[in-house]
Amino acid sequence: MEEIKKTGRCLCGNIRFEAQGVPIWVVHCHCQSCRRNTGSAVATFIGYHSEQVRYIQGERSFFESSPGVQRGFCAQCGTPLSYEGKYCPGEIHLYLCTFDEPESFLPQRHVFYKDHLPWFELHDDLPRFNAFGAGKKPDSFGPKNQSTIEK
Ligand SMILES: [Zn+2]
Ligand SMILES: [Zn+2]
């Protein structure tokens with residue numbers, strides 16, 4: 001089997017990383033803290049097992065955004081780079097658009113969808129979860145997929 005290796009970097013290029021193998025998940029997060037952290041309407045994350053990710057250049061700085069949650073970033077250019085929480089030991093979540101080929105990953109669901117901005121209209125058919133929703137049934141689906149919602 002061909003080995004999957006993806007590379008990425010912060011805006012200034014001071015910090016570079018690589019990720020090996022298939023990610024655990026790819027999600028759009030609409031929670032307020034991710035929005036504020038990125039200054040964007042949504043943060044698209046890729047979850048990996050910690051051992052899949054290697055920093056090959058530079059050192060991240062860290063900010064504890066809520067108790068037990070460390071958000072890594074580049075102190076030189078400010079790019080958000082990683083999310084590690086005590087509630088998900090052994091995982092590291094990376095920001096999809098810091099990868100060199102963000103188009104090569106396909107988002108699988110929306111999380112914290114209840115917090116999404118009302119003017120941000122989403123017409124994909126991905127499942128929407130009000131919280132993180134791992135292992136649970138989606139709370140809703142996109143408009144292309146309305147018929148599949150169980151009443
Ligand atoms: Zn940087
Ligand atoms: Zn979030």
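Visitor: Leaving aside its neighbours within four places in sequence, with which residues is L94 in contact?

Guide: This is a predicted model. In it, L94 is in contact with A19, F45, I46, Y48, V53, L81 and S82. The term rests on a cut-off: the C-beta atoms of two residues in contact lie within 7 Å.

Visitor: What makes C29, F45 and L94 stand out in the largest nonpolar core?

Guide: They are the residues with the most contacts inside this core, which has 24 residues. The elements giving two or more residues to the core are β2 (16-20), β3 (25-29), β4, β8 and β9. The largest share, four residues, comes from β4.

Visitor: Why is strand β9 called largely enclosed by the rest of the structure?

Guide: A residue counts as buried if 20 or more other C-beta atoms lie within 10 Å of its own. Four of the five residues of β9, residues 91-95, are buried, so the strand is largely enclosed by the rest of the structure.

Visitor: How do you know that β4 and β9 pair?

Guide: Pairing requires at least two bridges between two strands. Five bridges join β4 (residues 43-49) to β9, and the two run antiparallel; therefore they qualify as paired under that criterion. Within this pairing, F45 stands opposite Y95 in β9.

Visitor: What makes β8 and β9 a pair, and how many residues lie between them in the hairpin?

Guide: Strand β8 (residues 80-85) is joined to β9 over two bridges in the antiparallel sense, and at least two are required. Y83 stands opposite H93 in β9. The hairpin has five residues between its strands, and in the turn G90 has a positive phi of about 80 degrees.

Visitor: Why are β1 and β5 said to stand at the edges of their sheet?

Guide: The sheet is open, with three strands in the order β1-β2-β5 and antiparallel pairing. β1 (5-9) and β5 (53-57) each have a single partner strand, so one side of each is left without a neighbour in the sheet. Neighbouring strands here are turned by 25 degrees against each other on average, direction ignored. Five bridges join β1 to β2, and G8 stands opposite F17 in β2.

Visitor: Why is the protein called as compact as a globular protein of its length?

Guide: The protein contains one helix and twelve strands. Its radius of gyration is 16 Å, close to the 15 Å that the globule rule gives for 151 residues, so the protein is as compact as a globular protein of that length. Its C-alpha atoms fill a box of roughly 50 × 40 × 25 Å along the principal axes.

Visitor: What share of the residues counts as buried, and what share of the contacts with a separation of 6 or more joins residues 24 or more positions apart?

Guide: Of the 151 residues, 28% count as buried. Residues 24 or more positions apart account for 49% of those contacts.

Methods
Residues numbered from 1 in each chain as written. Chains lettered and ligands numbered in written order. Predicted model: local features only at pLDDT ≥ 70, side-chain atom pairs only at ≥ 80, totals over all residues. Buried ≥ 20, exposed ≤ 12 C-beta atoms within 10 Å, placed from the backbone. Core = buried A, V, L, I, M, F, W, Y, C linked by C-beta atoms within 7 Å. Axes fitted to C-alpha atoms, helices over the stretch in contact; angles between N-to-C directions. Rg over C-alpha atoms; globule rule 2.2 N^0.38 Å.
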